[in-house]
Amino acid sequence: MDSPVGGARIVPVVVLQDAASAHPLADALVAGGIRCAEITLRTAAGLDAIDALRDRQDIVVGAGTILSPEQVDDVVDAGARFAVSPGFDPRVLERCLARGIPLVPGVATATEIQQALGRGLRHLKLFPAKQIGGLDAIRAFAGPFPDACFMPSGGVSPANASDYLAHAAVFAVSGSWMVPSDALEAGDFTRIEELSRRAVAAL
Ligand code: 3PG
């Protein structure tokens, strides 16, 4: 299956307060065996961090929390390789198509999945995965939607990541557990590397 996240099976969801952390963070993720990151636009530093990483070949950097077409332009100009939204917004999809960047929209209901599939999207972020039923929700959606591929996000942890990934309809898992805010704020990249290593090992 074509993967919008470069074939990665684990996608860290990153909330950075300081773009100067972008390279040390990427170094820690890569050293821990992770080759992809979704850097969110929840902070002002997010866009600068994406831009700072634009030339790295060792990690596929995408943009998360895309809420508007204007943000699609911003992240494409900053060098993002994919875009992730918490929900499905046709305006965001149109701009992604126009700018040539893959979009992984968030879905939480059968209606949203059907709308996304109807627009030609197959790779979908199931959000918030834990709250809407976790693996049971994926099993239920996989019946009527055999073409949908999910990236569960929200409440994914080392305890359940491998169970999610074992389902044929799951192309990746995403979450923040290997990039906790306190480690980022303290500049504790050794801990992020260790958490990344454990996340990869758990699979
Ligand atoms: C998000 O986009 O915030 C993700 O779903 C992360 O969820 P988590 O913090 O529960 O891993």
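This is a predicted model: local features need pLDDT of at least 70, side-chain atom pairs count only at pLDDT 80 or more; totals for chains, interfaces and linings use all residues.
Residues are numbered from 1 along each chain as its sequence is written.

The axes of H3 (residues 69-77) and H4 (residues 90-99) come within 8 Å and cross at roughly 30°, which makes H3 roughly parallel to H4, a term that covers angles under 35 degrees. The axes are lines fitted to C-alpha atoms over the stretch in contact, with angles running from 0 to 180 degrees between N-to-C directions, and the helices are DSSP runs (H or I) of at least four residues, numbered from the N terminus. Pro69, Val72, Asp73 and Val76 of H3 meet Arg91, Val92, Arg95, Cys96 and Arg99 of H4, a contact being a pair of C-beta atoms, placed from the backbone, within 7 Å.

Now the second pair. The axes of H1 (residues 22-31) and H9 (residues 189-202) come within 7 Å, crossing at roughly 30°, and the crossing of H1 and H9 is right-handed.

Finally, the ligand: the residues around it are Val13, Phe127, Pro128, Ser153, Gly154, Gly155, Val156, Gly175, Ser176 and Trp177, each with its C-beta atom, placed from the backbone, within 6 Å of the ligand. As for confidence, the model scores ipTM 0.92 and pTM 0.96.

Methods
Helices (H or I, at least four residues) and strands (E, at least two) are DSSP runs, numbered from the N terminus. A crossing is left-handed if the near helix is turned anticlockwise from the far one by less than a right angle, and right-handed if clockwise. Angles under 35 degrees count as roughly parallel, over 145 as roughly antiparallel, 65 to 115 as roughly perpendicular and the rest as oblique. Two residues are in contact if their C-beta atoms, placed from the backbone, lie within 7 Å.
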